[in-house]
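Welcome, and please open the structure in your viewer.

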Amino acid sequence: MSVAHLLITGGAGFIGSHTCLVLLEAGHSLVVLDNFANSSPESLRRVAELVGANAAARLQVVEGDIRCSTDLDRAFAAGSIEAVVHFAGLKAVGESVAEPLRYWDVNVAGSRCLLAAMVAHHCRTLVFSSSATLYGYPEQVPIQETAPIQPINPYGHTKAAVERMLQDVAASEAGWRIASLRYFNPVGAHPSGHIGEDPSGIPNNLFPFITQVAVGRRERLQVFGGDWPTPDGSGVRDYIHVMDLAEGHLAALQVLLNGGDQLLTLNLGSGRGHSVLEVIAAFQEASGRAIPHDVVARRAGDAAETVADPSLAAELLGWRTTRGLAEMCRDGWAWQQANPNGYAS
Ligand code: NAD
Ligand code: UFG
């Protein structure tokens, strides 16, 4: 396996921090560029602690914004960057409805700035954080990458726009090696419980809401809809352990770095759906804590069921998930229990 100098935008965030850990353990050298808009430098301090001093010496952190060419130049100057893993962005669906221009600015204009800096610094290998949100209300489940792109909120529109921009860039000249990875529902934490997901404010997503109820930060969970056309009436999603997702990035990078020009668009999911009620039951089992909950009305904009067909990633990356729902709950609980208030604990 070859090792490389990598730029990781948004590397202090939830998925970025776990991926940094996996990339450092694989021998890569990293420059993280993050403005800490939705994260804390503490996550990277803990990554450094987990990997040990030798590997931590291969991690540099640059505080800066992907929309600022000077910050990007500083990050590229910190190492001879061969590839970029681009996590930086805003991801809250509701917020994107209220503040679409901010989402287009950070997610789309920020990605454009990053691509311009890559060209200026002769780097043409990129892994991009895309999302299953692109599929909107899927017409068929499991969802293949060829399914129609029909996002239903501004956040999804920005992800679709960046994928489109990457296609145009890849077609513009030879030399580009790009992977757009469409994540399904990333949850869980590193098994040590030292790093994990640390949402600010009231969590929008199911999993961090459950862990905060379990630890006593919130009283009850609302289950959005008990009348979906699913086996138990609650919504079904494809949850993916964040360590499996991190390993998917390592696999994608290896394929890009070892291959010629390519543009890969891949689902990263497990291929298995779990309902909200199943997740609650699995979490109660893993934590030994009750999760009081009430079934309430459906949430606007939700689909009944989204599950990946992950076979293309298996074929092209030689990667598939290995961790199930019980491990997602066990590791997510270890993190929340040890850090009841996240990194501020
Ligand atoms: P996160 O918010 O934890 O991480 C994003 C990181 O980007 C944060 O550290 C934040 O400080 C940083 N950032 C934001 N704006 C920046 C800017 N202008 N310049 C530099 N850094 C900036 O989110 P995450 O869950 O780790 O998600 C990472 C990526 O994956 C995002 O692009 C997100 O849209 C995408 N994604 C996430 C999910 C999910 O459910 N978590 C699902 C699909 C796709
Ligand atoms: N849910 C509840 N109660 C809650 C929160 C969620 O019942 O308090 C339900 C939802 O209705 C849904 C399931 O739990 O059935 C999962 O909801 P999440 O909000 O955790 O995740 P989504 O599938 O709605 O969306 C997430 C991200 C999107 C991303 C998508 C696919 O929020 O940005 O996964 O990656 F695009």
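The tour below goes from the ligand to a sheet and then to some aromatic rings.

Before you click, note that this is a predicted model, where local features need pLDDT of at least 70, side-chain atom pairs count only at pLDDT 80 or more, and totals for chains, interfaces and linings use all residues. Residues are numbered from 1 along each chain as its sequence is written, chains are lettered from A and ligands numbered from 1 in the order in which they are written, and side-chain values use heavy atoms, with hydrogens and water left out.

**Stop 1: the ligand**

Helices (H or I, at least four residues) and strands (E, at least two) are DSSP runs, numbered from the N terminus.

Next, zoom in on the oxygen atoms of ligand 1. One is 2.6 Å from a side-chain N or O atom of aspartate 34. For tyrosine 155, a side-chain N or O atom is 2.7 Å from a ligand oxygen. Phenylalanine 87 uses a backbone N or O atom, 2.9 Å from an oxygen of the ligand. How much of ligand 1 does the protein bury? Taken alone the ligand exposes 820 Å², and 95% of that is buried by the protein (Shrake-Rupley method, 1.4 Å probe).

**Stop 2: a sheet**

Select β12, β9 and β14, which form an open sheet of 3 strands in the order β12-β9-β14, with mixed pairing (two strands pair if DSSP finds at least two bridges between them). β12 (274-275) and β14 (305-306) stand at the edges with a single partner strand each, so one side of each has no neighbour in the sheet. β9 (residues 236-237) pairs with β14 in the parallel sense over 2 bridges. Look for arginine 237, opposite threonine 306 in β14.

**Stop 3: aromatic rings**

The structure holds 4 aromatic pairs, meaning rings of Phe, Tyr and Trp (its six-membered ring) with centres within 6.5 Å. Select tryptophan 335 and tyrosine 343: this pair is tilted, at 4.9 Å centre to centre and 55° between the planes (under 30 degrees counts as stacked, over 60 as edge-to-face, the rest as tilted). Both tryptophan 335 and tyrosine 343 are buried (under 20% relative accessible area, 1.4 Å probe, protein chains only). Finally, select Phe207, Phe283 and Trp333, a cluster linked by ring pairs.

Methods
A polar contact is a pair of N or O atoms within 3.5 Å; within protein, one must be able to donate a hydrogen and the other to accept it, and residues adjacent in sequence count only if both atoms are side-chain atoms. Buried means under 20% relative accessible area, exposed over 50%, partly exposed in between (1.4 Å probe, protein chains only).
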